[in-house]
Amino acid sequence: MNIVWLRRDLRVEDNSALYHASISGEPVVAVYIATPQTWAEHHLAPIQADLIYRRLFELQKDLEHNNIPLIYAQAPTYNEAAQMVADLAQTHSASRVYFNKEYEINEVARDKRLVELLDAADLESNALDDKCLLPPGSVMNKQGQYFKVFTPFKRAYLAKMYQQPWRVTKVAPIAQRAVWHDKKVTPWCLESCFDYPRESSEAYAVDTQSIIDQLRAFDSDGADGYDQHRDFPALNATSLLSPYLAIGALSVRQCMARLTYQRELPLTGGREVWQSELVWREFYQHLIYFEPKLSKGHSFTPWGDNLLWRDNPAFIEAWKTGNTGYPIVDAAMRQLNKTGWMHNRLRMIVASFLVKDLHVDWRIGEQYFMSKLVDGDYAANNGGWQWCASTGCDGQPYFRIFNPTTQGERFDPEGHFVRTWVPELANLPDKWIHSPWKSPNAKALSYPAPIVDHKSEREITLSLYKEAKETNDGA
């Protein structure tokens, strides 16, 4: 038989490892191994754990339609999971083990360990590039180096994507079902074995047809106007597909195929902007591959690690709980805490506020997001936080600092989003909705005054960043 080790690729359609295992003509067994200890170390959000849990039941059904059993097991850590897969391959005399590559440092080490164990047992391994449409190393500049700025990366990426053939793959029918006899690893114990903390993800469908339908609906109803409406959190104007991309229930290839199908290329308008968002995800995956230090908590820029942080515990708690006195920030954080999701414009606003108004280390925000997000993806989350902190590759210039009040006024002008998530302000006139401390009735509101003055903190930030850069330049 062939064994396919599934991780963040929880789909049958357009799964390179499953596809290549299936075309061999041999029986195929899919294996999923939860790693609670490593998940906890990586701050996996309980709501994303629940999404994975629920998705596995649907994945089992999809695999059964293709005559492929899904084996569920648990191991504390990545290393022990790799050992388990190698042991299963030996026990069952597997012809080969297939898996799709991941590019973060711990995942790379895990897969290297698996290959070493299989080589020692004289077993074959097949590692596939599947997470990105164009894998790291395939999009390089004229000097043969990886891109450090997004716009030229996107230009080269799209040129290559349009020029070379690519397709969404489908699993070949499996004629003979694999026979599984293993007393140590039972075929299916998900319901009784899964012991990582979970919070309900019921707001997100997990069956394949619903996910595909959501992609199609966005393509037909939302993509063309995406550029006009995407920045307004009160509107239902984004795809909401990021949770499925994060766990691999949907691939970037599937999204690109749907977005570009029978369309004149290059894309324009809303489709071009949404395509850019997909390419940003690819860009951050490429960066993680070429810069392992990003997986170790380091800034991309050399001077970023020189920044001095204040990390006031009271400020951090106010930010986490949505009690900073800045309505757009508080509404966004309450949305995150309640739903496990946050609108992209708001992610930038709250990240800028934490780092540049409260002078809190961006890593604290990065970790908190991962612990809450249903769509938590390490590379994208790290890239976004470092962009906002101005320490990343192609980051926002440090002297550009979001003003939380004017951001709210611009992107939630009538306060619909704020009123939804900050009910204390529901009856406040539009004039004061983003600056309630200026309201004549401010003292009567059951809502905190701003914990800091943005104008003053902005000047402090400029000084701190200038000092960090000068320290590095003088080193």
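1. A residue counts as buried when its relative accessible area is under 20%. That cut-off is used throughout this note, which concerns a predicted model. The buried ones are Pro327, Ile328, Val329, Asp330, Ala331, Ala332, Met333, Arg334, Gln335 and Leu336.

2. What do the buried residues of α14 pack against? Their partners are the helices α13 (313–321), α15 (344–357), α16 (362–372), α18 (404–411) and α19 (416–421). Helix α14 itself covers residues 327–339 and reaches 18 Å from its first C-alpha to its last, close to the 18 Å expected at 1.5 Å a residue. After α14 comes glycine 340, with a positive phi near 80 degrees.

3. The sheet is open and has five strands, in the order β3-β2-β1-β4-β5, with parallel pairing. At its edges stand β3 (70–74) and β5 (124–128); each has a single partner strand, so one side of each is left without a neighbour in the sheet. Direction ignored, neighbouring strands are turned by 25 degrees against each other on average.

4. The pairings can be followed strand by strand. Strand β1 (residues 2–6) is joined to β2 (residues 28–34) by five bridges in the parallel sense, and tryptophan 5 stands opposite valine 31 in β2. Strand β1 also runs parallel to β4, with four bridges between them; here valine 4 is opposite tyrosine 98 in β4. Strands β4 and β5 pair in the parallel sense over five bridges. In β5, asparagine 126 is the bridge partner of tyrosine 98.

5. Is β4 buried or exposed? Five of the five residues of β4 are buried, so this strand is largely enclosed by the rest of the structure. In a regular strand the side chains alternate between the two faces of the sheet. In β4, Arg96, Tyr98 and Asn100 point one way and Val97 and Phe99 the other way, and all are buried.

6. Helix α4 (residues 78–91) lies across β1, β2, β3 and β4 (96–100) and runs at about 165 degrees to β1.

7. Two packed helices are described by the angle between their axes and the distance between the axes. For helix α6 (residues 150–163) and helix α12 (residues 269–290), the axes come within 10 Å and cross at roughly 105 degrees. Angles of 65 to 115 degrees count as roughly perpendicular, and α6 and α12 are therefore roughly perpendicular to each other.

8. Which residues make this contact? From α6 they are Phe150, Phe153, Lys154, Tyr157, Leu158, Met161 and Tyr162. From α12 they are Glu272, Gln275, Ser276, Val279, Trp280, Glu282, Phe283 and His286. By class, the contact has nine nonpolar, three polar and three charged residues.

9. A last point concerns a loop residue. Threonine 391 lies in the loop between α17 (378–389) and α18. Why does threonine 391 count as buried? Its relative accessible area is 0%, and buried means under 20%. Residues up to four places away in sequence not counted, threonine 391 touches Ser299, Phe300, Thr301, Gly304, Leu307, Trp362 and Gln386.

Conventions. Residues numbered from 1 in each chain as written. Predicted model: local features only at pLDDT ≥ 70, side-chain atom pairs only at ≥ 80, totals over all residues. Heavy atoms only, no water. Pairing = 2+ DSSP bridges. Helix = DSSP H or I, 4+ residues; strand = E, 2+ residues; numbered from the N terminus. Axes fitted to C-alpha atoms, helices over the stretch in contact; angles between N-to-C directions. Contact = heavy atoms within 4.5 Å. Expected span 1.5 Å × (residues − 1). Buried < 20%, exposed > 50% of the residue type's maximum accessible area, 1.4 Å probe, protein only. Parallel < 35°, antiparallel > 145°, perpendicular 65-115°, else oblique. Nonpolar A, V, L, I, M, F, W, Y, C, P; charged D, E, K, R; others polar.
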